[in-house]
Amino acid sequence: MSFNKSKLAIAASAFATAALMCSGAQAQQKQLTLCWAAWDPANALVELSKDFTAKTGIAMKYEFVPWPNFAQRMLNELNSKGKLCDLLIGDSQWIGSAATEGHYVKLNEFFDKNAIKMSDFAPATVEGYSTWPKGTKNYYALPAMGDAVAFTYRKDWFGRPELKAEFKQKYGRDLAPPKTWDEFKEVGQFFQNRTIDGKKVYGAALYTERGSEGITMGVANTMYAYGMDYMNPKKAYDLKGFINGPGAVKGLQVYKELYDTVTPPGHSNAYMGENLDSYRSGQVAMQMNFIAFFPGISKDPQVGGEKTGFFAIPKGTVSHAQLGGQGISVVKYSDKQEMALEYMKWFAQPAIQEGWWKGGGFTCLNSILNQPGFAKSTSYAPVFQDSMKMVKDFPADPSYAQLLLAMQNRVHDYVVAGKGTPQAALDALEKDWVQIFKEDGKIK
């Protein structure tokens, strides 16, 4: 082979190698990483997203973090301006800090350009997952996973003739899913320490976890029920008489009474996983948990099918349930924002949202939620539908992490440790929050 031909061959070979490398790099770039918590809905989204890859050629990679570590892991990623996540399904409380600190891409222009209307989604989910400041039309997320706290109950136990007769004789009403917190306490106490099928059982698994957000997500439901607002709805950061007002005090006291009289022994640091375990093992008659877990419970070989029923959060003087769920956002530090927005456009389609619901996710799209047959589509659909009409959320203020930590400590000390009074616990919480807002320059 001549020298010139050798040079041509080498050049051709180098060109081919470069082309292959370029092709490989492009293939690598045609991939998005979506970050979320590790739970059943995330698995459902993996299946759903195969349609996106088939239609666009964009591969999907996932970073799913167990719930106990999810917030710390993802917030550290955002605060460090990391590039791990192109898309993030983040908790509703993060929206304030994510917007003000520039972690999420503002989506208004994208929504307008692609005819994605926030009015097409359930109002509570738009307000809870997408907007900052609250009450404005500044959007940083698309409602992705509607959710709220509700209850499962052992329908088969409630239906036993001997238990129904005993309950009716004792309380003068039918043994049925409770509609008020007073009824809930009666039902819980009725099952507490009872023997069923040779096994001692208890009334209810409630949220009591201290380390992250568990007990706050639980106790908020009774505090809302008796009229608690975290702060003055007409004057931001005006706390006195709201977070520690009569309704808040009453609700906290009710939760303490429930913890003392209807929960299993040692149920002092329980959140989602622990409550699921208590229920699936046949330990409790009722279980507090996010509705997102209800599809899995309905299919559970031990307690699913006709053994389980569902009911919304009971009422006190008013009806409110703690909002769960998340919106999906494009991370500002991603190098693949255009592709990430393409995913969001795909996900917002009504046909995809219907597949999301059927696959085990929880759509927030009104056209699906309001379909005539929606309430009969699953055994838990009516509870989801009712709950999303009465949700309230923890403040999504940029300082929410400090606010949450303070509330966790104060209510856990009272409810679980039995320290002091409900009034003293909430007075101390109000002082904690005032100090936090003063340090932020929001209170002088």
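User: In which hand does H2 pass H14, left or right?

Analyst: This is a predicted model, in which local features need pLDDT of at least 70, side-chain atom pairs count only at pLDDT 80 or more, and totals for chains, interfaces and linings use all residues. Residues are numbered from 1 along each chain as its sequence is written, and side-chain values use heavy atoms, with hydrogens and water left out. H2 passes H14 in a right-handed crossing. A crossing is right-handed if the near helix is turned clockwise from the far one by less than a right angle, and left-handed if anticlockwise.

User: What makes H2 roughly perpendicular to H14?

Analyst: The axes of H2 (residues 40–56) and H14 (residues 337–347) cross at roughly 115° and come within 11 Å. That angle makes H2 roughly perpendicular to H14, the term for 65 to 115 degrees (under 35 is roughly parallel, over 145 roughly antiparallel, the rest oblique). Axes are lines fitted to C-alpha atoms, for helices over the stretch in contact, and angles run from 0 to 180 degrees between N-to-C directions. Helices (H or I, at least four residues) and strands (E, at least two) are DSSP runs, numbered from the N terminus.

User: Which residues of H2 and H14 meet?

Analyst: Contact means heavy atoms within 4.5 Å. Leu 45, Leu 48, Ser 49, Asp 51, Phe 52 and Thr 56 in H2 meet Met 339, Glu 342, Tyr 343, Trp 346 and Phe 347 in H14.

User: Why is strand E8 called largely enclosed?

Analyst: Buried means under 20% relative accessible area (exposed is over 50%, partly exposed in between; 1.4 Å probe, protein chains only). Seven of the seven residues of E8 (residues 284–290) are buried, so the strand is largely enclosed by the rest of the structure.

User: Why are E5 and E8 said to pair?

Analyst: Two strands pair if DSSP finds at least two bridges between them. E5 (residues 149–154) and E8 have five bridges and run in the antiparallel sense; Ala 150 has Asn 289 in E8 as its bridge partner. E7 (residues 199–205) is joined to E8 by three bridges, and these two strands run parallel. There, Ala 205 stands opposite Gln 287 in E8.

User: What makes E2 and E4 edge strands of their sheet?

Analyst: The open sheet has five strands in the order E2-E1-E3-E11-E4, with mixed pairing. E2 (59–65) and E4 each have a single partner strand, so one side of each is left without a neighbour in the sheet.
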